[in-house]
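Dear colleague,

I am passing on the structure we spoke about, and below it I set out what was found in it. Please keep the sequence and the 3D view open while you read.

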Amino acid sequence: MRRSEWGKPVSADEAHRRAGGRARYNATRENRASKRRQQLLAMLRGKHPRRGELASLARQCGVSKATICRDVAMLQRTGSLSPADPTFAQLLRQMRAVLKT
């Protein structure tokens with residue numbers, strides 16, 4: 001199907017199939033993100049932060065530094081990673097540097 005055809009009316013059956021496909025795709029992405037956050041949390045626990053930690057974590061997880069920043073922010077919002085944790089403080093400094101560029 002060409003991109004120009006996506007705006008055309010479709011049958012209810014086709015609309016349901018598309019919605020099902022999107023739901024499956026989004027569930028897969030959310031599951032992958034959840035597993036990555038748990039992996040990230042395990043890697044951060046008991047680790048002394050060092051320069052370049054953000055890039056290293058991104059490489060290990062196979063994602064960008066921005067994704068790691070979002071994941072760390074999510075872990076902080078959910079309370080899994082405490083702001084009092086020195087690892088978190090170091091990562092925040094690195095995240096600010098990434099977001100400035």
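A salt bridge is counted here when a side-chain nitrogen of Lys or Arg lies within 4 Å of a carboxyl oxygen of Asp or Glu. By that rule the count comes to six salt bridges, and please bear in mind throughout that this is a predicted model.

I begin with helix 1. Within this helix, which runs over residues 12-44, Glu14 and Arg17 sit three residues apart, about one turn of the helix, and their side chains meet in a salt bridge with an N to O distance of 2.2 Å. An α-helix has 3.6 residues a turn, so residues three or four places apart point the same way. Glu14 counts as partly exposed because its relative accessibility is 21%, and Arg17, at 48% relative accessibility, also counts as partly exposed.

Another salt bridge is formed by Glu30 with Arg37, where the closest N and O atoms are 3.8 Å apart. The two partners fall into separate classes of burial, since buried means under 20% relative accessible area: Glu30, with a relative accessible area of 48%, is partly exposed, whereas Arg37, at 15% relative accessibility, counts as buried.

Which parts of the chain does the pair of Asp71 and Arg36 link? Asp71 forms a salt bridge with Arg36, and the closest N and O atoms of this pair are 2.5 Å apart. The pair links distant parts of the chain, with Asp71 in helix 3 and Arg36 in helix 1, 35 residues apart. Asp71 is buried, its relative accessible area being 1%, and Arg36, at 15% relative accessibility, counts as buried too. Elsewhere, salt bridges that share partners join Asp13, Glu14, Arg17 and Arg18 into one network, so that the Glu14 and Arg17 pair described above belongs to this network.

Helix 3 itself covers residues 65-77, which makes 13 residues, and it reaches 18 Å from its first C-alpha to its last, close to the 18 Å expected at 1.5 Å a residue. Besides Asp71, the buried residues of helix 3 are Thr67, Ile68, Cys69, Val72 and Leu75. After the helix comes Gly79, whose phi is positive, near 85°.

Note on methods. Residues are numbered from 1 along each chain as its sequence is written. This is a predicted model: local features need pLDDT of at least 70, side-chain atom pairs count only at pLDDT 80 or more; totals for chains, interfaces and linings use all residues. Side-chain values use heavy atoms; hydrogens and water are left out. Helices (H or I, at least four residues) and strands (E, at least two) are DSSP runs, numbered from the N terminus. The expected span of a helix is 1.5 Å times one less than its number of residues. Buried means under 20% relative accessible area, exposed over 50%, partly exposed in between (1.4 Å probe, protein chains only).
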